[in-house]
Amino acid sequence: MNTGQLRITLQRGLALALVALVAACGSTPPQATSPGGSGYLLTVRLEPADTQETVAQRYGGEVIAWLDGQAILRMGEEAVAQLQARGVSMQNTTLEANADVGTPATMSGWNAWGSGWNAWGSGWNAWGSGWNAWSGGATSAVPALPSGNRSAFMQVKLPQAQALARNYGAGIKVAVIDTGLDTAHPMFQGRLAPAAEWRDFVDGDNNPAEVAGNGFGHGTAVAGLILQAAPRATILPIRVLGPNGSGSVANVVSAIDWARQRGAQVINLSLGTDVDVAALRTQISHVNGLGVFVVAAAGNSGGSLKFPAAAAQNAPNSDRLWSVGSVNSSGNRSSFSSFGSALKFMAPGEGIQSAFPGNQVATVRGTSFAAPLVSGMLALAMGETSSANWGSLQAWLANSTFGAGTTGSLFGVINAASFLQKLPGVPRKSALFVVGSTTLSSGDSAVRDRLEDIGYSVTVKNHNDAQIGDSLDKHLMLISSSASSSIVNTEFLNTTAPVVTWEHAIFHHMKMTDSPTTNYGSASSLTQLRMNSSTSTHPLAAGLTGDHAVYSANNNMTWGRPTAGAVRVATLTADTTRATIFGYDRGSTMMGMTAPNRRVGLFMNHVGAEMTPAGWNLFEAAVTWAVSGN
């Protein structure tokens, strides 16, 4: 055989990537094979008269992907030897080893699977029942996100984005190509593609169940994170990795094609390999060209990107191939996260909670779990705008990230709320902001800007002019401490809009506290408040615990003593009977009346530039909970 006509890449014993790989294509599912790589992959150029049968006969292999102008075949050792003996022309072909791919076998934090999971029913009941309601079509409220993820999700403004959403990923199918899925887990009920579409490329059947081994639960956790971001998306489970978390590129190629043929718009690949396999690049570029997004985890080696994430910059149609790394709670690249010039986006990947087989919850760590957050956020966005706009999604997300300079990625850490705002056809939420003067103080100006940053169209009204009718068509109403309580008085007592206020006397006028001034007030010269440990899981807590500086310099802090019907999230540090963050849910008992909608009292008092990031997180949590309950 002419070696100029044949390129053979023989690579055995390949180091497994520390992140799972996802997405494969192949119009005819292969027979059951061993999980790891074996044999070869042959990519050939097609002639106009070629069919799958004639190509298979010509080369003696199995066609696993039939693309525009190309085909990919799985070749055994004997078939390659016969090609040499037969003298078949190998011009315009590429022959390479069927490389290994896998999930991390020794990933940092992997032990959390054994020590960090809790019973699904312990603390997750509300979430489980909420997701079941979604499967029945209820969209009146967003089901509560798991409290353990609140800080991480606030970091990328996911709750804020969900408060802007209308469809929550409905109509978007996300393929999870991984170790399999616990299809009976409560989180997935009503959220899976029809069983006829499921596929197991390891055992050669249609039951992609998790199998005990080192990789057990990986795919279930990945799928669970996608649904936390896009609760009404559809998950298509496809298994390509065996019990030890390893598999072959051939099965991934086949799985990508399977997913594409069954209408997946997003493919999540939380797996990878050290080898740049041309057949995998070809397959991914093909589905990208057909409009399918592929989201690939960067890897957990702390070094170079794994494939296919490493191909995300220069491959054809690579605006639909997204590589994802992990950041820690400070927004800096996780020590384990692989990186390189092709790394596009970053998302939280440390201490994240997700579904685990057997109706369980696990705490996970790795870029395997940063990637599905991006896949889910992508599905959330795709469900909110016309498919005609999907070609611009990478550009819009790139313009919505937090600084790339501190993360080592091209674009930075995702900002889901900013991303959704940029989508054509997504209306902003409307907010009425009642202030003392429409020539805004620095504090009121900062609040307005923050509201606009997280997707609200703000109408500012002077307290002399504001009337209850101004609030009735709004998604949210805010009353500043610059507004005079004697002027505003009880004007908005019966408004049906959610209310957030930090004017302490308004607490009384809105029936949030009793009338004597011993039940509301303002404490001076403070910077810190104390989070209430008994309500630390509430969305208003923004995932924070303990004492937190909400001002960078001394300032006044508004407080109130609400009724027993309120949730008390934070207090003064010196007097825990005085709540600095408290809220009434819709229908709860206030002072002599039932709350017509959510009402929140906040600590802020003429706040300006001295607000800390923690303080602003608590403000955004208050706004988000008031609007969505999440």
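Predicted model: local features only at pLDDT ≥ 70, side-chain atom pairs only at ≥ 80, totals over all residues.

Trainee: What makes up the lining of the largest pocket, by class?

Mentor: The lining divides into 7 nonpolar, 9 polar and 2 charged residues. It comprises 18 residues, and those nearest the centre of the pocket are Met-154, Gln-155, Ser-329, Pro-613 and Asn-617.

Trainee: Which helix gives the most to that lining?

Mentor: Helix α5 does, with 4 residues, while α5 (150–155) and α17 (613–628) each supply at least two.

Trainee: Why is Leu-241 called buried?

Mentor: Buried requires a relative accessible area under 20%, and Leu-241, at 0%, therefore counts as buried. Leu-241 sits in the loop between β11 (234–239) and β12 (246–248), and, leaving aside residues up to four places away in sequence, its contacts include Val-101, Asp-178, Val-202 and Leu-271. The C-alpha atom of Leu-241 is also 9.9 Å from that of Pro-208, although 33 residues separate the two along the chain.

Trainee: How do you know that the length of helix α10 agrees with what its residues should span?

Mentor: Helix α10 runs over residues 367–382, and at 1.5 Å a residue its 16 residues should span 22 Å; the C-alpha atoms at its ends are 22 Å apart, so the two values agree.

Trainee: And why is α10 described as largely enclosed by the rest of the structure?

Mentor: Because 16 of its 16 residues are buried, α10 is largely enclosed.

Note on methods. Residues numbered from 1 in each chain as written. Heavy atoms only, no water. Expected span 1.5 Å × (residues − 1). Buried < 20%, exposed > 50% of the residue type's maximum accessible area, 1.4 Å probe, protein only. 1 Å grid on protein atoms, 1.4 Å probe; cavity = no way out; pocket = protein on both sides within 12 Å on 5 of 7 lines; lining within 4 Å. Nonpolar A, V, L, I, M, F, W, Y, C, P; charged D, E, K, R; others polar. Contact = heavy atoms within 4.5 Å.
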